[in-house]
Amino acid sequence: MKNKKDIVIFVIVVFFLQCQSNPKQTTNSALNQEQKTATMDTSTYFKSEEEWKKVLTDEEFHVLREAGTERAYTGKYTDLKDDGNYYCKACGHLLFTSTTKYHSGCGWPAFYDKAGNNAVITRMDYSFGMTRIEVLCKRCESHLGHVFDDGPKDKTGLRYCINSISLTFEKAATDKTKTK
Ligand SMILES: [Zn+2]
């Protein structure tokens with residue numbers, strides 16, 4: 001009888017500990033999320049890689065989330081000259097405008113400036129034995145391309161070399177709309 005009682009107590013203790021540990025984990029991760037939101041820019045956009053896989057094509061996921069590069073001269077915006085804005089393909093954040101786009105001949109869309117201080121972030125990239133500066137969306141931290149210092153000297157001197165697949169272009173409103 002005594003043994004049986006001990007086992008019952010043991011089972012109750014184990015059950016209690018499990019009950020204790022699970023909610024604790026949930027609370028911690030929820031707290032982390034809250035802290036993350038509270039301390040970062042309010043427009044921060046977070047998705048897990050699994051969630052990104054569901055909303056991006058394989059090619060988009062490879063470039064945006066795995067820092068891939070589309071082949072030169074294959075992107076749909078490389079030679080586009082239309083007036084308008086370029087948004088992040090992943091989260092819709094405004095990144096570049098047609099006013100700073102120029103023909104660099106490098107095979108990818110090139111801009112000599114970003115669309116304001118909240119558009120993009122940069123970080124060092126030492127992959128493939130090179131030292132480059134990676135450009136990422138400031139809102140969702142998706143990979144966009146790289147920035148080099150061989151841009152137009154009469155402007156910023158910078159060349160933001162961006163994958164077309166990382167962008168969504170939205171044409172500027174026509175004159176007809178403007179006069180409304
Ligand atoms: Zn983004």
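Residues are numbered from 1 along each chain as its sequence is written. Because the model is predicted, local features need pLDDT of at least 70 and side-chain atom pairs count only at pLDDT 80 or more, while totals for chains, interfaces and linings use all residues.

Q: What average pLDDT does the protein have, and over which residues is the pLDDT below 50?
A: The pLDDT is the predictor's confidence in each residue, from 0 to 100, and 73% of the residues score at least 70, with an average of 83.

Q: In what order do the strands of the open sheet of six strands stand, and which strands are at its edges?
A: Two strands pair if DSSP finds at least two bridges between them, and in this open sheet the pairing is antiparallel, with the order E3-E4-E8-E7-E6-E5. Inside the sheet, E7 and strand E8 (residues 159–162) are joined by four bridges, and Gly 145 has Ile 162 in E8 as its bridge partner. Each edge strand has a single partner strand, so one side of each is left without a neighbour in the sheet; these edges are strand E3 (101–102) and strand E5 (120–125).

Q: Which are the edge strands of the open sheet of three strands?
A: The order of this antiparallel sheet is E2-E1-E9, and strand E1 (residues 84–88) pairs with E9 over five bridges and with E2 over three bridges. Cys 88 stands opposite Leu 167 in E9, whereas Tyr 86 stands opposite Phe 96 in E2. The strands that pair on one side only, and so form the edges, are strand E2 (94–97) and strand E9 (167–171).

Q: Which residue in the turn between E1 and E2 has a positive phi?
A: E1 and E2 run antiparallel and form a hairpin with five residues between them. In the turn, a positive phi of about 85° belongs to Gly 92.

Q: Which residues of helix H3 are buried, and against which strand do they pack?
A: A residue is buried if 20 or more other C-beta atoms lie within 10 Å of its own, exposed if 12 or fewer, and partly exposed in between, with C-beta atoms placed from the backbone. In helix H3 (residues 58–66) the buried residues are Glu 60, Val 63 and Leu 64; seen down the axis of H3, they fall within an arc of 85° (the arc of the directions from the helix axis to the C-beta atoms), so they line one face of the helix. On the other side of H3, Asp 58 and Glu 66 are exposed. The buried residues pack against strand E7 (143–148).

Q: How many residues does the largest nonpolar core have?
A: A nonpolar core is a set of buried Ala, Val, Leu, Ile, Met, Phe, Trp, Tyr and Cys residues joined through C-beta atoms within 7 Å. Among the residues with the most contacts inside this one are Leu 95, Val 120, Cys 137 and Ile 162, and the elements that give two or more residues to it include H3, E1, E2 and strand E6 (132–137). Leaving aside neighbours within four places in sequence, Cys 137 is in contact with residues including Cys 88, Leu 95, Val 120 and Leu 144. The number of residues in the core is 26.

Q: In which loop does Glu 141 lie, and is Glu 141 buried or partly exposed?
A: Most residues other than glycine have a negative phi. Glu 141, however, has a positive phi near 60°, and the loop in which Glu 141 lies is between E6 and E7. With 19 C-beta neighbours inside 10 Å, Glu 141 counts as partly exposed.

Technical notes: Contact = placed C-beta atoms within 7 Å.
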